[in-house]
Amino acid sequence: MQPTTPTHTLIYQADKQQFLLDSDRYIEDLLEARYQAIVGKRVSSQEKVSWKNSLQEMARVLRDERIPATAGIGIELFAPQSMSRIDFTLSGFDAHGQKTIIIIELKQWSAIKLTDKDAVVLTQLGGGLNEALHPSYQAWAYATLFEGFNEAVASGEIRVLPCAFLHNYSETDNTILDERFKEYTQQAPLFRKGMVEREKLQSFLSQHIQQGDNQSVLQQLISSRIGASKALADALAKLMEGNREFALINDQKLVFESIKNIARAAAPGKHKVVIVEGGPGTGKTLIAINLLVKLLKTSMAIKYISKNAAPRHVYKAKLTGSMKQTRFNSLFAGSDNFHDMEQNTFDLLLVDEAHRLTEKSGMFNNKGENQMKELINAAKCTVFFIDEDQRVTFRDIGSKEQIRQWAVAKGAEVHEFELTSQFRCSGSDGYMAWLDNVLGIRETANTQLDTKSYEFKVFDTPEEMHAAVKLRNSGNRARVVAGYCWPWNSKTDTTQMDIVIGDNYQRQWNLASNSMVWIIAPDSIEQVGCIHTCQGLEVDYIGVIIGPDLIIRNGKVVTDAAQRSSMDQTIRGYKTQVKKQPEETSAKADRIIKNTYRTLMTRGLKGCFLYCTDPETAVYFRSKFI
């Protein structure tokens, strides 16, 4: 494999003396021009104002004569393995001659509110109160990116120190320094508004940068090769050692070894695209995680990608043993951030749950062209793990056909594999075929389910079903899930109940504080999960509540998208589309609802328990197994 080429981008570079001169003029205009020239995109007026305000504050800090005039200044440095930009960097040498870079996260925040999520706060952003990462965590995370993926930093030649400067945040408000953030503020000191705080920041900077470098250290940083450090790769490999949960079996191992060879042969002009097809429980994610860990040791620039956040958060937690933010975060990413990515930025992208990919990206679905195209362009080798029968929203377009088309357009060599060995549902291919038949997805010969090898039960009440699942929660390996037919009231008011059925059953949806790791969180047995928190994941026993969106009438499966909660984003736009294209839209919604329950009912390794809100539907399912 050829060495990974540098991909660091820096918008502004100067020494302290030049920066102070530029800040006295119109540095925001200078930055805007350079950003457009380098990145090729326009800058919002809001970002220009942010530059102006924050950089004026940094100029005041840097007028301290203890900070060398020849110290290097970098503004808007793109972090390795990321499209994130680091606000401000200061470079030079410490008292012992150690090459040093200080990362400074700049914020205009004036107040925050606490949340129960690790390193997450609420603050005024985008015209409202929104979640954001704690600034000290952000700065620390950037430093760990360099430690893990920049050769000069990983080798110890350059030391990176993080800190945060909230120049509008009152020095008397200690909420931002709450005890829950201590592990991050200790590693990345936080400074606030006021003369005393400014002097603390000046002392911190002058203590670690005692001699200027005329930008040489900064230049070395941005020119250094990007690739996983040996320390990071070894640490991750050690975490996987002896963990039977990550062992590869049968065709999983064969596919894994084949993809390893394909990925190593990929290069610019010799692009590879791999399609791995397999149903629930065939080991798609297992192969992806093994490839991530094993190929990191070859210094590849690599990421595990999933559209749905739950799989990447859960597997990161399983791999590292921590549900908190970790230094391995940068290896796991969503699929929304590749429309701006340069070609061949990565050696290898592992795209799990590829059937969930969408056309547009971003919060408002208005960025990019096609996620499959963008993921192929961003890497020398892109591997898609796919099961087209698990498309569960109107926006899901991931398909083998489209992947092939975009690969051909790129001039990439396409390799395809199929995983057939079933390790979920007690290894019962018969259960999968029965489920397709009983849900009306496709006709199969499996009209009756033999429950000798796989435990399947239908309960009269939801409380009985939930209690049965709870009894089997040994090792935190049983959960209850449901179709999205009830609003998520508890998301904004934790005293509210969500799934209310009859007089005796009242439960909340998956924990709002850690919904992305709900399936492995200790208290989750008390809640009810949805498709978004369990797809791509598994437990020993799954309990499924089938809501009024799927009922049986005269032996036929009938779906009704109108019975879904108005908060459900999976069928967003249904009411508008069904007026314009009634038959096509109804057929699409019908398949999404059936696919959703198929996915929910295949999460259990050992058994599936069922409760149906509609009595006739319960009778139907009871008649389908022995």
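1. A residue counts as buried under 20% relative accessible area, as exposed over 50%, and as partly exposed in between. By that rule Ser299, at 22% relative accessibility, is partly exposed. The model discussed in this note is a predicted one. Ser299 has a positive phi of about 70° although it is not a glycine, and the residue is found in the loop between α11 and β11 (302–306).

2. Is Glu353 buried or exposed? With a relative accessible area of 3%, Glu353 falls under the 20% limit and is therefore buried.

3. The next points concern a sheet. Six strands form an open sheet in the order β1-β2-β3-β4-β8-β9, and the pairing is mixed. The edges are taken by β1 (10–15) and β9; each has a single partner strand, so one side of each is left without a neighbour in the sheet. Helix α1 (residues 16–24) packs on this sheet, where it touches β1, β2 (72–78) and β3 (85–93). The direction of α1 makes about 110° with that of β1.

4. Of its 9 residues, 8 are buried, so β8 is largely enclosed by the rest of the structure. Strand β4 (residues 99–107) runs parallel to β8 and is joined to it by 9 bridges; in this pairing Ile104 stands opposite Cys163 of β8. β8 also pairs with strand β9 (residues 190–191), again in the parallel sense, over 2 bridges. There, Ala164 stands opposite Leu190 of β9.

5. Two helix pairs can be described by their geometry. Two packed helices are described by the angle between their axes and the distance between the axes. For helix α2 (residues 27–39) and helix α3 (residues 45–62), the angle is about 130° and the axes are 9 Å apart. That angle makes α2 oblique to α3, and the crossing of the two is right-handed. From α2, the contact is made by Ile27, Glu28, Asp29, Leu31, Glu32 and Tyr35; from α3, by Lys48, Trp51, Lys52 and Leu55. By class, this contact of α2 with α3 has 5 nonpolar and 5 charged residues, with no polar ones.

6. The other pair is formed by helix α9 (residues 230–240) and helix α11 (residues 284–296), which pack at an angle of about 135° with their axes 8 Å apart. α9 is therefore oblique to α11, and the crossing of α9 and α11 is left-handed. Ala233, Leu236, Ala237 and Met240 make the contact on the side of α9, and Ile289, Asn290, Val293, Lys294 and Leu296 on that of α11. The residues of the contact of α9 with α11 divide into 7 nonpolar, 1 polar and 1 charged.

7. Which residues of α9 are buried? They are Leu232, Ala233, Ala235, Leu236, Ala237 and Met240. The cover over the buried residues of α9 includes α4 (135–149), α11 and α12 (309–320). After α9 comes Gly242, which has a positive phi near 75°.

8. The last point turns to strand β16 (residues 455–458). In a regular strand the side chains alternate between the two faces of the sheet. β16 pairs with strand β24 (residues 604–612) in the parallel sense over 4 bridges. In that pairing Glu455 stands opposite Gly607 of β24.

Note on methods: Residues numbered from 1 in each chain as written. Predicted model: local features only at pLDDT ≥ 70, side-chain atom pairs only at ≥ 80, totals over all residues. Heavy atoms only, no water. Buried < 20%, exposed > 50% of the residue type's maximum accessible area, 1.4 Å probe, protein only. Pairing = 2+ DSSP bridges. Axes fitted to C-alpha atoms, helices over the stretch in contact; angles between N-to-C directions. Parallel < 35°, antiparallel > 145°, perpendicular 65-115°, else oblique. Left-handed = near helix turned anticlockwise from the far one by under 90°. Contact = heavy atoms within 4.5 Å. Nonpolar A, V, L, I, M, F, W, Y, C, P; charged D, E, K, R; others polar.
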